[in-house]
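Please look through the sequence and the structure shown here, and then read the briefing that follows, which is grouped by topic.

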Amino acid sequence: RVAKTAAEHHIFVDFHGAYSPRGLEYRYPNVLTFEGVRGLEFCSNCRPDNTLFQPYIRNAVGPMDFTPGMMICKQPEKYSGGRPETPAVGTKASQLAQIVAFETGLQMLADNPCRYDMWPDCRDFMTAVPVEWDETVVLSGKVGEHYIVAKRAGDVWYIAGLNNSQARSIDVDLTFLGEGSEWIMESFSDGPVADRIAMDYRRNFEDVTATSSLAVGMARNGGFAAVLKRKIVDIQAHRGGMGLYPEESLEAMLNSVRLGVHTLEMDLCVTQDGKVVLSHDPYFHHRYATRPDRTEVKSEDPKVYLYQLPYSEIVKWDVGHKYNPGWPEKKCIPAVKPLASEVIAAVEEYTKANGLAPMKYNIEVKSSPEKGEGELWPEYHEFTDRCMEVLESFNLGDRLIIQSFDERALNYINKKYPGHI
C-alpha cells in the first residue's frame with residue numbers, strides 16, 4: 001500500500017527497516033531500495049567477514065540500503081565508540097569500495113558532512129558513483145572470502161574489491177575495457193599499515209589499457225576502489241580561436257564549435273556598469289581595437305579601460321576589422337566585445353539545436369592585485385562575484401573550469417563557489 005500510494009503521488013520510497021526485497025520494485029519502480037541487512041547501523045556488529053556475503057546473497061535478490069561511506073574506520077580489535085560518532089569496522093578503502101560494490105537505487109553516505117570535508121578526495125569519489133549501471137563484470141570472487149567487481153556507467157568504469165579478515169593480493173585483468181583505448185585510473189587502496197590503522201589508505205593515478213594486469217592488494221578487513229576514465233585529447237579554442245576569427249568574439253566562439261573543439265577558452269572582464277564581457281585585456285588593445293570614430297588605436301595611445309565605460313559605449317568600439325600580421329589567416333570582420341551571458345547562451349543553443357556534444361568552458365577571471373585595482377578594474381571580490389553570477393546561471397556543472405593568475409580570486413572562488421577550479 002505504501003508503494004502504491006507513493007507512486008500515485010510521484011514519491012520515491014526507501015524501505016529502511018526490516019524489509020528485504022520481494023520484487024516489489026519491479027511493479028513499483030518508485031521503490032528505490034530496502035534495508036533488511038546487517039549494515040553499518042549495527043556498528044561493531046557489522047564486520048567484513050559477514051559483509052563479504054552480501055554481494056553473493058542479500059544483494060543478489062534486490063537493492064540494499066547498507067548505509068556505507070563512513071570516514072572513521074577501525075580494525076575490530078581497536079573498535080570503540082558508538083552513536084552518534086560511529087566508526088566502521090574495516091579499512092577506509094573498504095568503505096569506498098562498498099559504495100561501488102553494493103547495488104541500490106538510492107545510495108546514502110552515512111557519516112557527518114563535516115567528516116567528508118576532511119577527506120575531499122574520498123568524498124568526491126563516493127559522490128560521483130552512480131546508482132544505475134550499464135554493465136557489470138565480476139573479476140574475481142569467492143563467497144565469504146573476497147569480491148572484486150567492475151561496473152560501467154556510460155563511458156566510465158568503476159572497480160571495487162572487498163576482503164575478509166585475511167590479507168590477500170589478487171591479479172585481475174582489464175580486458176573488459178576493450179581494445180584501442182588508454183585509460184586513466186584513480187584508485188584508493190589500503191595503506192601499508194591499514195592492517196593495524198584502518199584509516200591508512202593510498203590514492204594513486206596510473207595509465208592502464210585492456211592488456212594491463214591489476215594487482216588488487218587488500219589488507220585484512222580491507223578493500224580497493226577505483227574509477228577509470230578514457231584518456232582523450234581535449235581540443236581547446238584559445239580565446240575562441242583567435243587565429244581564425246576576432247579574438248574573444250561571438251563569431252570566433254561559434255566558428256570553433258563548428259570546427260569540433262571540445263572546450264572554449266575565454267577571459268572575463270567587468271564594465272563600469274557591472275556587465276561581464278569577454279576580453280583578454282582589461283582595456284582596448286592596439287592590436288585589434290578601432291574607436292567609435294573609426295580611428296585605430298595605436299600602441300602609444302593612452303589605454304581606455306573597460307571598467308571606465310558602460311557597456312553601451314563599449315559596443316561602439318570595433319575589435320574585428322583591424323588586420324594583425326601575427327594572424328594572417330584571421331578574418332577581418334566587424335566584431336564587438338560580447339557579453340559572457342550572450343556567448344554562452346548562443347553556444348548552448350547551437351550545440352543543442354545541431355545535436356552536438358555539450359561544450360566545455362575554460363574561463364579565466366582577469367582580476368589582478370596590481371596597481372589600478374578598484375579604479376581600472378574591480379576589486380577581486382566584486383570581480384569574482386560578477387563573473388560567478390553569470391556562470392552559475394547556466395548550471396554548467398563539471399563542464400566549467402575556472403582559472404586565474406590572481407591567487408586571491410582562486411581562494412575566494414574555492415571557498416564561496418567550490419568545485420570549479
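Tyr 380 is buried, because its relative accessible area is 16%, and buried means under 20% relative accessible area, exposed over 50% and partly exposed in between (1.4 Å probe, protein chains only). This is a predicted model, in which local features need pLDDT of at least 70 and side-chain atom pairs count only at pLDDT 80 or more, while totals for chains, interfaces and linings use all residues. Residues are numbered from 1 along each chain as its sequence is written, and side-chain values use heavy atoms, with hydrogens and water left out.

**Aromatic rings**

- Rings of Phe, Tyr and Trp (its six-membered ring) pair if their centres lie within 6.5 Å, and planes under 30 degrees apart count as stacked, over 60 as edge-to-face and the rest as tilted; by this rule the count comes to 13 aromatic pairs.
- One of these pairs joins Tyr 56 and Tyr 147 edge-to-face, at 5.4 Å centre to centre and with 70° between the planes.
- This pair links distant parts of the chain, 91 residues apart, with Tyr 56 in the loop between α3 (48-51) and β3 (73-74) and Tyr 147 in strand β6, where helices (H or I, at least four residues) and strands (E, at least two) are DSSP runs numbered from the N terminus.
- Tyr 56 counts as partly exposed at 25% relative accessibility, whereas Tyr 147 counts as buried at 9%.
- Tyr 380 and Tyr 412 also form an edge-to-face pair, with 6.2 Å centre to centre and 85° between the planes.
- That pair, too, links distant parts of the chain, since Tyr 380 is in helix α10 (residues 380-392) and Tyr 412 in helix α11 (residues 407-416), 32 residues apart.
- Tyr 412 counts as buried, with 16% relative accessibility.
- One aromatic cluster is formed by Phe 125, Trp 133, Tyr 158, Phe 188 and Tyr 201.

**Charges over rings**

- A charge sits over a ring if NZ of Lys or CZ of Arg is within 6 Å of the ring centre and within 35 degrees of the ring normal.
- Lys 92 lies over the face of Trp 119, at 3.8 Å from the ring centre, and Lys 303 lies over the face of Tyr 283, at 5.1 Å from the ring centre.

**A buried glutamine**

- Gln 98, which is in helix α4 (residues 92-101), is buried with a relative accessible area of 5%.
- Leaving aside neighbours within four places in sequence, Gln 98 is in contact (heavy atoms within 4.5 Å) with Thr 51, Phe 66, Pro 68, Gln 107 and Leu 162.
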